[in-house]
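Thank you all for coming. I would like to take you through one structure this morning, chain by chain, and then look at where the chains meet.

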Amino acid sequence: MKELFDRLFGMGRHDIATEGRFLHGKAMIGEEKATVIGTFGHAAIDAVLALRISKAILEAVSEGPHPILFIADTQGQALTRHNELLGLNGYFAHIARSVDLARRCGHRLTTLINGEAVSGGFLAFGMLADRICALPGSEVRVMDLRAMSRVTKIELATLEQLARESPVFAPGVENFWRMGAIHEIWSETDNWQDRLSSAFSCNGDERAAIGFERGGRMLASPIAQCVADA
Amino acid sequence: MEKFTLTLKSVPAESLRTALCGVVSSGNLEVLVEHHGVEDACEIEVSTSAHGFRDIWEAVLNDFAREHKAGGLRLSINDAGATPAVVSLRLSQAFEIAGAP
Amino acid sequence: MSYFEASARTRILGLVDAGTFQEFCPPEMRQTSPHLARLDAPLSFDDGVAVGRARLSGHRILIAAQEGRFNGGSVGEVHGAKIRGLLDRAMTERPSAVLLLIDSGGVRLHEANAGLIAISEIMRALLRIQAAGIPAFALVGGASGAFGGMGIVTRLCNEVIMSEQGRLSLSGPEVIETVKGVEEFDSKDRALVWRVTGGKLRRAQGEATRLVEDSIPAFRAAAKELMESHFLHPLAEKSLHDLLEDQERLSERSIEFSDARDGQAVWDARLSDSSRVPEIDCEEFNRRLLAK
């Protein structure tokens, strides 16, 4: 992880501790001190990890407005009966509320996908930031095509064929970029420190509009408008 | 999906409003009732997941157009493999909801 | 009339004041899913959700109802955009409440990416209206329950009204069984599924704020009562203090029930009498909850 942090923030400009699959600390982004909160090692997010994430966000809020960087690497929610019994959806909703509070309190929020961002885990943690960037080699998905084929009872070959034509259901950072859910895909040769600083200088939620511009989601924006203005 | 449209003679409807009846789930269908220009004809548009049953559809829909005052109506059907009995039932329900006596 | 058995449209008509429902983006506009069409799958003229405005007890509300029997009430691009548009509308229309009749397994896999993004947009829009002082109520009592992203959306609402048949959770039991095996979660064991995700468990935990009988009038009465109590105690924005309290509560639950895998453990801790809970009616359940 140190190598990644050095590249993102510069050597000697970060102090981030890890515990289990959770990472938390401070780092300099440009000339600003930021809070860094994240998961790594394709973490499965259970109630305990969810509580750590929300606690870290609330701590940051109590310190007053400053940038918050989420680093997401999650295989999705933990799949156990125990977590369902606890009401893991409620723990995820609590993360979402904490993120929203941070935004309302003037924190700028950026998510960096470093590895995997899957389904419910991504939805709760990361997807609600103002800006989402993906590191090279990252993967974003709801479900892989094989499992999707099993559940929808549509031939895998058909899905594979359609996945080449449409960004709407198949896994892939590029697809999510076209749909407007990922703002930037970084490359290996980029200066990540510079890119991170400039990501934090953007604001607002224009994902549906971006998805329309990029040709990935042609209906979301006009339909929402149609209902909102009817 | 198999799609076809039929235009059937029917006695002019007495009154109607737009209505949607039924749900597109396995063995079920939805029927959308709307107004359409020609007074003594009923236009029926079918989209069904069960292929090769057009004859049966035509029989059921002909019965419907004969037994109801459905002239001037446009019925649009999304079907997910309903039996003829369910189709007849939904058509009658849709017709009732749309306010035609 | 049973809420569970009713269609989305029947639920709306039974919940709101007679003759007041006005639908936006109605079925005759035929805004169907182009993605289902590409897969040659059946379409629905409303893409499985009806949205509009109405009155409840004379008060203006906005309402959305998912049709749980159309593709499991799943959220695709159009379906999700209709709900988000309704929430955007709430910002200008300022209704007394927004009612979300949730009946959904979550993201529609046929258009998974669009569905996931749509749910994240619904979450943001929901948080925005709440910050503007407009309360949102989730009603859960349909066959598809409230799962996946819609389980999260449900818990973002200010009030959650459930029947005992309603199910509220994140991952469906079938998904857990497929990935982790039948010994982790036997999705065919209906009684177990219900003890882990059902209305009586969620009410005992405080995840649901009302437990009602499976009838449309019972849901209507609860929604009306909650709307009126929100008039008396208008919604304040959630503060840091509120969220720290939530943090504490959720944290305590995860410690208190750190080994629990069956709802009986929660009933034992939260009810004055936890015997034969599946058999008792709502009135008896609510009495036992209050008595503790």
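I will begin with how the model is to be read, then go through the chains and their contacts.

What you see is a predicted model, in which local features need pLDDT of at least 70 and side-chain atom pairs count only at pLDDT 80 or more, while totals for chains, interfaces and linings use all residues. Residues are numbered from 1 along each chain as its sequence is written, and chains are lettered from A and ligands numbered from 1 in the order in which they are written.

Let me start with chain A, which has 11 helices and nine strands; helices here are DSSP runs of H or I with at least four residues, strands are DSSP runs of E with at least two, and both are numbered from the N terminus. The radius of gyration of chain A is 18 Å, close to the 17 Å that the globule rule gives for 230 residues, so chain A is as compact as a globular protein of that length. That radius is taken over C-alpha atoms, and the rule itself is 2.2 Å times the number of residues to the power 0.38. Along the principal axes, the C-alpha atoms of chain A fill a box of roughly 50 × 40 × 40 Å.

Of the 230 residues in chain A, 54% are buried, where buried means that 20 or more other C-beta atoms, placed from the backbone, lie within 10 Å of the residue's own. Among the contacts in chain A with a separation of 6 or more, 64% are between residues 24 or more positions apart, a contact being two residues whose C-beta atoms, placed from the backbone, lie within 7 Å.

Which strand of chain A has 10 of its 10 residues buried? That is strand E5, residues 68–77, and it is therefore largely enclosed by the rest of the structure. As a reminder, strands of a sheet pair through backbone hydrogen bonds, either parallel or antiparallel; here two strands count as paired if DSSP finds at least two bridges between them.

E5(A) pairs in the parallel sense with strand E3 of chain A, residues 32–39, over four bridges, and A:Val36 has A:Leu69 of E5(A) as its bridge partner. Strand E4 of chain A, residues 43–45, is also parallel to E5(A), with three bridges, and here the partner of A:Ile45 is A:Gln77. Six bridges join E5(A) to strand E6 of chain A, residues 109–118, again in parallel, with A:Ile68 standing opposite A:Leu109. E4(A), helix H2 of chain A (residues 47–62) and E5(A) make a right-handed β-α-β unit, meaning that, with the strands pointing away from the viewer, the path from the first strand over the helix to the second runs clockwise.

Turning to chain B, we find two helices and five strands, running β-β-β-β-α-β-α from the N terminus on. Chain B has a radius of gyration of 12 Å, which agrees with the value near 13 Å that a compact globule of 101 residues would have. In chain B, 43% of the 101 residues count as buried, and residues 24 or more positions apart account for 87% of the contacts with a separation of 6 or more.

The five strands form an open sheet with mixed pairing, in the order E1-E4-E5-E3-E2 (chain B), and its edge strands are E1 (2–9) and E2 (19–22) of chain B, each pairing on one side only. Within this sheet, strand E3 (residues 29–35) and strand E5 (residues 73–79) of chain B are antiparallel over seven bridges, and B:Val31 is partnered there by B:Ile77.

Finally, where do the chains meet?

Chains A and B, by contrast, do not touch, their nearest C-alpha atoms being 13 Å apart.

Terms used
A residue is buried if 20 or more other C-beta atoms lie within 10 Å of its own, exposed if 12 or fewer, and partly exposed in between; C-beta atoms are placed from the backbone.
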